[in-house]
Amino acid sequence: AVMDTESMRRVWSSIVDKYSDQAHFIYELLQNADDAGATRARFVLLANELLFAHNGTRHFSISDPLSEKSDSKHGDLGDVNAITSVGNSNKKYNTIGKFGVGFKAVFQYTNTPHIYDPNLNFKIERYIVPVLLDHDHEMRLADETLFVFPFDSETIGAKQAEREIAEKLAALIQPTLFLKNLM
């Protein structure tokens, strides 16, 4: 498949390296939660995965592939479409980041991020392929969106991932200072 070629791996590495600061995606997750209207968020770091949950009121949506270009142009692109592409955004001008490129930094640590949302459950394979999941996650509360990042990267082992993320979480100082909703 095209996504498995060496040239595509280099493209994705350059995207992930854009946010190569160790565990930078922690900030991206908090910003995306705030943009979704969340008032609370939580991280759970385990030996083999990171869980991130928030109570945002904006849940995942999907654009029809036939209207994706128009939806992107008008700022109405579905969240699944935005998170599984590069250069497309579902964010309006009044939000800080564009959901997608910054989120891609999770691929430093995982090959298969899982997203459990009140509207749908899916995982992302091969950087851009959404795959529906037929189950919910036992740690997701009813009003939450839960992200699960298994430490299954070929380049960073689980112990290194856990250590780097633990260091980033321990070093967070006033991470919600510039956020509107999260306290």
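Reader: Is Phe 25 buried or exposed?

Author: Happy to start there, keeping in mind that this is a predicted model. The relative accessibility of Phe 25 is 1%. Buried means under 20% relative accessible area, so Phe 25 counts as buried.

Reader: How many aromatic pairs are there, and how are the planes of Phe 25 and Tyr 109 arranged?

Author: The count comes to 10 aromatic pairs. In the pair of Phe 25 and Tyr 109, the centres lie 5.6 Å apart, and the angle between the planes is 55°. Planes under 30 degrees apart count as stacked and over 60 as edge-to-face, so with 55° this pair is tilted.

Reader: Which kind of pair do the rings of Phe 60 and Phe 122 form?

Author: Good one to set beside it! The ring centres of Phe 60 and Phe 122 are 5.6 Å apart, with planes at 70°. Over 60 degrees counts as edge-to-face, so the pair of Phe 60 and Phe 122 is edge-to-face.

Reader: How many residues apart are Phe 60 and Phe 122?

Author: Phe 60 sits in the loop between β2 and α3, whereas Phe 122 belongs to strand β4 (residues 121-125). The pair thus links distant parts of the chain, and the separation is 62 residues.

Reader: Which residue has a side chain joined to that of His 59 by a polar contact?

Author: His 59 lies in the loop between β2 (49-54) and α3 (68-73). Beyond four places away in sequence, His 59 touches several residues, including Asp 79, Asn 119 and Thr 145. The polar contact of His 59 spans 3.3 Å between side chains, and its partner is Asp 117.

Conventions. Residues are numbered from 1 along each chain as its sequence is written. This is a predicted model: local features need pLDDT of at least 70, side-chain atom pairs count only at pLDDT 80 or more; totals for chains, interfaces and linings use all residues. Side-chain values use heavy atoms; hydrogens and water are left out. Helices (H or I, at least four residues) and strands (E, at least two) are DSSP runs, numbered from the N terminus. Contact means heavy atoms within 4.5 Å. A polar contact is a pair of N or O atoms within 3.5 Å; within protein, one must be able to donate a hydrogen and the other to accept it, and residues adjacent in sequence count only if both atoms are side-chain atoms. Rings of Phe, Tyr and Trp (its six-membered ring) pair if their centres lie within 6.5 Å; planes under 30 degrees apart count as stacked, over 60 as edge-to-face and the rest as tilted. Buried means under 20% relative accessible area, exposed over 50%, partly exposed in between (1.4 Å probe, protein chains only).
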